[in-house]
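Dear colleague,

Here is the structure I said I would pass on. My notes on it follow below.

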Amino acid sequence: MIMRVEDLDPRAHNRAAATLLMEDLQWLGLDWDEGPYYQSDRSEAYAAALAVLDDRGLTYPCFCTRAELHAATAPHASDGTYIYQGTCRGLTPEEIAERSLRRPPSTRIAVPDADDQDGTIRFFDLGYGWQQETLACDCGDFLLCRSDGVIAYQLAVVVDDTEMGVTQVVRGRDLLGSAARQIWLANELGRKAPEFGHVPLLIAPDGRRLSKRERDLDMGALRERFGRPEPLLGMLASAVGFAEVGEPISAVNLVSRFSWETLRAHRDDVVVSDGVLV
């Protein structure tokens, strides 16, 4: 288990907040063998990977603003993301030079055309079974680096996972749509992608994801309410078939009960209201 703090965005450079998050994980009984590693310390590794892709002619500068992207295309039906239409892919050197005078560009990677079989990624997700995505249709040419120089999530996690020896990534199903991009990007970098497993989300009764922004309970409030981690873990475990309703259980004792087959049978999102399963 590796502890990696994904703090690429300058707004996330808060080591004190990261420490609080790690304390919450340890309270739950979740620990790690390596780290913590901070992405904000690994800019050279990301720049090296970006240079490899640039040398292969896979990248290009993009001058589109967020407003222009949203106006040009409707969001992807499944996850609300916007599919880039390749507006800047064919710019001439003269056009690039002229536009660079007005604003710094971001960097995108050109994915294979829809009729190119190399751009269709099929993989088995441990939580949601077989998946298939055609990059040109499902995400378009995606960002590798923002216009302010911040490396994009998709590139950073591929570099980190492959360089840190990560063999299995388990995360919320809201990131299921990123897996195909990351598998393809790892292949383009000549690296082996990890195995992926996505799990259900905790959602509010109105279907939105829980968040502090919406004043949902944070771990501090949950620790105060439950007192011990076992009742909280038991409540969550019961929602996906690993414990009886009302049964307290520790993280260590949950290990022997875990199975991907059971999770695939309970893969609907879990509705929570005020810290309690609905």
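**What covers helix 1**

The buried residues of helix 1 are covered by, among others, strand 1 (2–5), strand 2 (34–38), helix 8 (219–226), helix 9 (229–239) and helix 10 (251–254). Please keep in mind that this is a predicted model.

The buried residues in question are Ala-18, Met-22, Asp-24, Trp-27 and Leu-28. Helix 1 itself takes in residues 15–28, which makes 14 residues. From the first C-alpha to the last, helix 1 reaches 20 Å, close to the 20 Å expected at 1.5 Å a residue.

At the start, a side-chain oxygen of Asn-14 comes to within 3.2 Å of the backbone nitrogen of Ala-16. Just after the helix, Gly-29 has a positive phi of about 95°.

Strand 2, which is among the elements covering helix 1, contains Pro-36. The peptide bond between Gly-35 and Pro-36 is cis, with omega at about 10°.

Two arginines sit over tyrosine rings. The charged end of Arg-15 is placed over the ring of Tyr-38, at 3.6 Å from the ring centre. Arg-108 lies over the face of Tyr-84, and here the distance to the ring centre is 3.8 Å.

**Aromatic pairs**

How many aromatic pairs are there? The count comes to 4. Two of these are described here. The ring centres of Phe-142 and Trp-184 are 6.2 Å apart and the ring planes stand at 75°, so this pair is edge-to-face; the angle for that class has to be over 60 degrees. The pair links distant parts of the chain, 42 residues apart: Phe-142 is in the loop between helix 5 (135–138) and strand 7 (143–145), and Trp-184 is in helix 7 (residues 179–188). Phe-142 is buried, with a relative accessible area of 4%. Trp-184 is also buried, with a value of 3%.

In the pair of Phe-242 and Phe-258, the ring centres are 5.3 Å apart and the planes are at 45°, so the pair counts as tilted. Ring pairs join Phe-242, Phe-258 and Trp-260 into a cluster.

**The sheet of strands 10, 11 and 12**

An open sheet is formed by 3 strands in the order 10-11-12, with mixed pairing. Strand 10 (202–203) and strand 12 (276–277) are the edge strands, each pairing on one side only. Strand 11 (residues 270–273) and strand 12 run antiparallel and are joined by 2 bridges. Across from Val-272 stands Leu-277 of strand 12.

The loop between strand 11 and strand 12 holds Asp-274. Asp-274 is not a glycine, yet has a positive phi of about 55°.

Best regards

Notes:
Residues are numbered from 1 along each chain as its sequence is written. This is a predicted model: local features need pLDDT of at least 70, side-chain atom pairs count only at pLDDT 80 or more; totals for chains, interfaces and linings use all residues. Side-chain values use heavy atoms; hydrogens and water are left out. Helices (H or I, at least four residues) and strands (E, at least two) are DSSP runs, numbered from the N terminus. The expected span of a helix is 1.5 Å times one less than its number of residues. Buried means under 20% relative accessible area, exposed over 50%, partly exposed in between (1.4 Å probe, protein chains only). Contact means heavy atoms within 4.5 Å. A polar contact is a pair of N or O atoms within 3.5 Å; within protein, one must be able to donate a hydrogen and the other to accept it, and residues adjacent in sequence count only if both atoms are side-chain atoms. Rings of Phe, Tyr and Trp (its six-membered ring) pair if their centres lie within 6.5 Å; planes under 30 degrees apart count as stacked, over 60 as edge-to-face and the rest as tilted. A charge sits over a ring if NZ of Lys or CZ of Arg is within 6 Å of the ring centre and within 35 degrees of the ring normal. Two strands pair if DSSP finds at least two bridges between them.
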